[in-house]
Amino acid sequence: MVCGYRTLIGGSLNSCSRLRFGVLDLQISYSKAAPKKKDTLRRFLMLDFIIGKPRDIFVGYPSSISCFAMKKSENIKIKCPATKQKHCSPAMDSAAKSSASTPDWITDSINGGSLRHVDLDTGTNGWASPPGDLFSLRSVNYLTKRQKSPAGDYLLVPLGMDWLKSTSKLDNVLARPDNRVSHALREAQSLGKSMKSFIFAVNLQVPGKDCYSAVFYFATEDPIHPNSLLYRFINGDDAFRNQRFKIVNRIVKGPWIVKKAVGNYAACLLGKALTCNYHRGPNYLEIDVDIASSAIANAILHLALGYVTSVTIDMGFLVEAQTEIELPEKLIGAVRVCQMEMSSATVVDELTPSPVQTAVAARGMGCSKVNHHKSGDDDDDK
């Protein structure tokens, strides 16, 4: 597992030590005449080895970099071969990619919308992308030991969130000609680019005198693997989708009353708890979740909206794994909504339905009671 680990423990380092952390192979080199550098480097590496995330620090950096924990004058070099990393965090992975490698339509989608892309820790009235490991999902041995584990990487790239306002409920927003995300993809494809791209969207429909929609977008540039659980969900029937579509929530910041109502960490099979409409387009799947289909869900949401400017919440979406071959569970994607202001909504005009929008919509099985569960006490996880 780790070559050179003994030299770190022993307190003496060779002038060139080679370490291997999983798939990452590090070449550490420094001057023999710098004992303080050795000690600093040893403590730096050991700290991250102990907490179990030594890889994340180096993923995505050039093949030879100065260790950012050191001063520039120390000039300690970390050399990492160009090995493709499969398990880097979404935040680190996105930071490592240059704008030149990201398709324009994805960049435009991330930076557009009624809610801005903001800092994960300090941002307000916007959205961010939380690390997947903040969520606990079913692990590979869940069926035998009931254990959960950090979720890890997303399956799809978060494109952001739209907060929309209309005089009537908004259905199938990706089919609208004025939808910014689908429009950006159409523009790219008109130029022969991103022909295999796919969009996954969740539209939480908030009822009231004015109708609101919180629309979360995720995408991939690569074809979804035909043997994957996500592929089965996208191309399956509504009965399968209703049994599997799950949301996991984390209250990052908020008043006591909201934490009690929602739960600090909660999971819910949306397809069982609420009425869901599934809209399958040629290059997208949109799930419209009708909050009004449950009196309990409606009451909880409107309570939370009363404190919305002081609430920060992480929302992750996934397909629930129910058999051993489907484990471990993976997040389709997640978004952090940071102290949103109701007034930031974009007003959307009601459109005359197109043939696509008037086609027979896939309807979910609505329930009168929300199956709302807190972490560690999920009825659906027993």
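## Aromatic cluster and a buried proline

Phe200, Phe216, Phe218, Phe233, Phe245, Tyr278 and Phe317 form one aromatic cluster. The model is predicted, so local features need pLDDT of at least 70 and side-chain atom pairs count only at pLDDT 80 or more, while totals for chains, interfaces and linings use all residues. Residues are numbered from 1 along each chain as its sequence is written, and side-chain values use heavy atoms, leaving out hydrogens and water.

Across the whole structure, a search finds 7 aromatic pairs. Rings of Phe, Tyr and Trp (its six-membered ring) pair if their centres lie within 6.5 Å; planes under 30 degrees apart are stacked, over 60 edge-to-face, and the rest tilted. The table gives two pairs.

| Pair | Type | Centre to centre | Between planes |
|---|---|---|---|
| Phenylalanine 218 and phenylalanine 317 | edge-to-face | 6.1 Å | 65° |
| Phenylalanine 245 and phenylalanine 317 | stacked | 6.2 Å | 10° |

Phenylalanine 218 lies in strand β11 (residues 211-220) and phenylalanine 317 in strand β16 (residues 312-319), so their pair ties together parts 99 residues apart in sequence. Phenylalanine 245, in strand β12 (residues 245-253), is 72 residues from phenylalanine 317. Strands (E, at least two residues) are DSSP runs, numbered from the N terminus. Phenylalanine 218 and phenylalanine 317 are both buried, and phenylalanine 245 is buried too. Buried means under 20% relative accessible area (1.4 Å probe, protein chains only).

Proline 130 sits in the loop between β6 (126-128) and β7 (136-138). Proline 130 is buried, at a relative accessible area of 0%. Beyond its neighbours within four places in sequence, its contacts (heavy atoms within 4.5 Å) include Leu120, Tyr154 and Val335. The C-alpha atoms of proline 130 and valine 335 are 6.3 Å apart, although 205 residues separate the two along the chain.

Definitions and conventions:
Helices (H or I, at least four residues) and strands (E, at least two) are DSSP runs, numbered from the N terminus. Buried means under 20% relative accessible area, exposed over 50%, partly exposed in between (1.4 Å probe, protein chains only).
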